Amino acid sequence: MKAVKAVIQNGEILPDEPLAMTGRHDAIVVVLDADPWEDILRDPRPRPELLKARQVAQSDYLAGKTTPIDPDAMP
């Protein structure tokens, strides 16, 4: 698996670097919609539920209770 940064322009995916691949390849495309996330991250209001979720996730990670995501095993 290879991660490649690209942009979508006029419905076409344009990689930031040349790809030395030939033939057909499956791909997972994640489209980042920056505007809503920027608004959420810049919002100064306290969000106790988000803070609690972050603390639980960090605690689980530090305790070795997490596993890496395997994109090949995703439905």
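Asp43 is partly exposed, with a relative accessible area of 21%; on the scale used here, buried means under 20%, exposed over 50%, and partly exposed in between (1.4 Å probe, protein chains only). The side chain of Asp43 meets that of Arg45 in a salt bridge, at 2.5 Å from N to O, where a salt bridge is a side-chain nitrogen of Lys or Arg within 4 Å of a carboxyl oxygen of Asp or Glu. Arg45 is exposed, at 58% relative accessible area. The structure holds 1 salt bridge.

The model is a predicted one: local features need pLDDT of at least 70, side-chain atom pairs count only at pLDDT 80 or more, and totals for chains, interfaces and linings use all residues. Residues are numbered from 1 along each chain as its sequence is written, and side-chain values use heavy atoms, with hydrogens and water left out.

The largest pocket has a volume of about 940 Å³, and of the 23 residues that line it, Lys2, Val4, Ala27, Ile28 and Val29 are the closest to its centre. A pocket here is an open set of points on a 1 Å grid over the protein atoms alone, where a 1.4 Å probe fits, with protein on both sides within 12 Å along at least five of seven lines; lining residues have an atom within 4 Å of a point. The volume is the space filled by probe spheres set on the points, which are joined across faces, edges and corners. Strands S1 (6-9) and S2 each supply at least two lining residues, and S1 gives the largest share, 3 residues; strands (E, at least two residues) and helices (H or I, at least four) are DSSP runs, numbered from the N terminus. By class, the lining divides into 17 nonpolar, 1 polar and 5 charged residues.

Ile13, placed in S2 (residues 12-15), is partly exposed at 47%.

Two loop residues complete the picture. Asn10, in the loop between S1 and S2, is exposed at 79% relative accessible area and has a positive phi, near 55°. Most residues other than glycine have a negative phi. Leu32 lies in the loop between S2 and helix H1 (34-42) and is exposed, at 75% relative accessibility.

How values were computed
Nonpolar A, V, L, I, M, F, W, Y, C, P; charged D, E, K, R; others polar.
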